Amino acid sequence: MDRTEADGAGVLDSGHAVMVHPAAALRVLSGANAGDSLPLPADSVSGDYYRLNDDARSETLTLELAQTGGAAGRVGAGSAIGKPGDPITLCGSLSLMAPDGDLVELLVLDSPGTGRLALPLAPLRQRTTYTLIDADRSPGPIRLAAMVTGAFARGTRIALEDGRQLAVEALEPGIRVITRDHGAQMLRWTGAVRLPAAGSFAPVTILPGVMGNPAPLVVSPYHRLFLYRRDARPVDGMAGLLVQARHLVDGQRIIQTEGGFVDYFSLVFDRHEVIYAEGVPCESLLVCPETLTRLPPALAEDLRRAFPGLDQRLNTGAILTSAFAPAPHRRSPASGSDE
């Protein structure tokens, strides 16, 4: 990645094209800030309901990110909005949760030429009401690649069409993999990256038996696992949801371990799929502009070259029922049983 010097901003990491929404596109439906458009994190109140306008369209913002120094970054050349060179400030972040349990972290940016902007780090869906779970009011550097999503650690066995389970590093495009929703599907792309096993890159391990897995399942912390909700209640018509592995960590049977390096492998299909890793249903890599910003630059660039313009829709993990929806699923870390 090219680096340039910027007055007052230190070393800049250039070339990040991200998808953003203007503040007016994301409004508070109800709660303390009802009627407001994207409040600052300092003014946000947990429990408020947010919704993206039905006609909202994201715009491309090119960011040059500060690695050192004061400002968070600046608008880069080729940006569809803003003026190149204008400073970009990170005002903080919001954590929003959809009714199906999907958690979206959103950076709140500000710039003289664009005003306040919402930068989702995962797809923000229209016609979906989100609850504000948390607000980080601390400004700081913008770290788009501080998370890796949709990745399996070396040695993870993936279920194939013929019943075999093959280590993820041995998979090649063209092989057919079993999916939860669409039968056997052809693998289109694989990517690999070695990262320090620290912070947001530290892998999450589901120990044997916790989710019916005969061997440890090791995934990136932002990788979603499918959880089935057994009970049926008339809430939202779904009996399952995808949950990021980091939210399942209990320090006993599901752990996050730092130290050394980890090899992560990502799998891409024609659609965002739920596949079986060590017998546990997990997501494939979701390819869309929002999630590409969360990948290490080399991996993201390789994927952009392989699939220019590919924009997959999120598989929410929903199992539709005729009349009832389930209560939230909980798994007992001690026994691995459903509650």
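Me: Which residues does L225 touch, not counting residues up to four places away in sequence?
Reply: This is a predicted model, and the contacts are read from its atoms. Residues up to four places away in sequence are not counted here. What remains is I206, M211, L217, V219, L241, L242, V243, A245, L248, V280, P281 and C282.

Me: Which residues have the most contacts inside the largest nonpolar core?
Reply: The largest nonpolar core has 28 residues. Strand 17 (204-206), strand 18 (217-219), strand 19 (224-228), strand 20 (240-244), strand 22 (261-268), strand 23 and strand 24 each supply at least two residues of this core. Another core, of 21 residues, lies apart from it, with V28, A56, A98 and V104 among its members. Inside the largest core, the residues with the most contacts are F152, I158, M211, L225 and L267.

Me: How many helices and strands are there in the chain?
Reply: Both kinds of element are present in the chain. The count is two helices and 24 strands.

Me: What share of the contacts with a separation of 6 or more comes from residues 24 or more positions apart?
Reply: The contacts counted here are those in the chain with a separation of 6 or more. Within that set, residues 24 or more positions apart account for 63%.

Me: What percentage of the residues of the chain count as buried?
Reply: A residue counts as buried when its relative accessible area is under 20%. The chain has 339 residues, and the share of them that count as buried is 50%.

Me: Is E278 buried or exposed?
Reply: E278 sits in the loop between strand 23 (274-277) and strand 24 (280-283). Its phi is near 50°, a positive value in a residue other than glycine. Leaving aside neighbours within four places in sequence, E278 is in contact with residues including R157, N213 and L217. Because its relative accessibility is 3%, E278 counts as buried.

Me: Is R127 buried or exposed?
Reply: R127 also has a positive phi, near 60°, and is a residue other than glycine. The loop that holds R127 runs between strand 9 (115-120) and strand 10 (129-136). The relative accessibility of R127 is 57%, so R127 counts as exposed.

Me: Which backbone oxygen does the side chain of S79 reach?
Reply: S79 is in the loop between strand 6 (73-75) and strand 7 (87-97). With a relative accessible area of 16%, S79 is buried. Apart from neighbours within four places in sequence, S79 is in contact with T60, L61 and T62. At 2.6 Å, its side chain reaches the backbone oxygen of I81.

Me: How many disulfides does the structure hold?
Reply: C91 counts as buried, at 18% relative accessibility. C282 counts as buried too, at 0%. A disulfide needs a pair of cysteine sulfur atoms within 2.5 Å. The number of disulfides in the structure is zero.

Me: What part of the accessible surface of the chain belongs to carbon and sulfur atoms?
Reply: The accessible surface of the chain comes to about 14600 Å². Of this, the part that belongs to carbon and sulfur atoms is 50%.

Conventions: Residues are numbered from 1 along each chain as its sequence is written. This is a predicted model: local features need pLDDT of at least 70, side-chain atom pairs count only at pLDDT 80 or more; totals for chains, interfaces and linings use all residues. Side-chain values use heavy atoms; hydrogens and water are left out. Helices (H or I, at least four residues) and strands (E, at least two) are DSSP runs, numbered from the N terminus. Buried means under 20% relative accessible area, exposed over 50%, partly exposed in between (1.4 Å probe, protein chains only). A polar contact is a pair of N or O atoms within 3.5 Å; within protein, one must be able to donate a hydrogen and the other to accept it, and residues adjacent in sequence count only if both atoms are side-chain atoms. Contact means heavy atoms within 4.5 Å. Accessible areas come from the Shrake-Rupley method with a 1.4 Å probe; for residues, only the protein chains shown count as cover. A nonpolar core is a set of buried Ala, Val, Leu, Ile, Met, Phe, Trp, Tyr and Cys residues joined through side-chain atoms within 4.5 Å.
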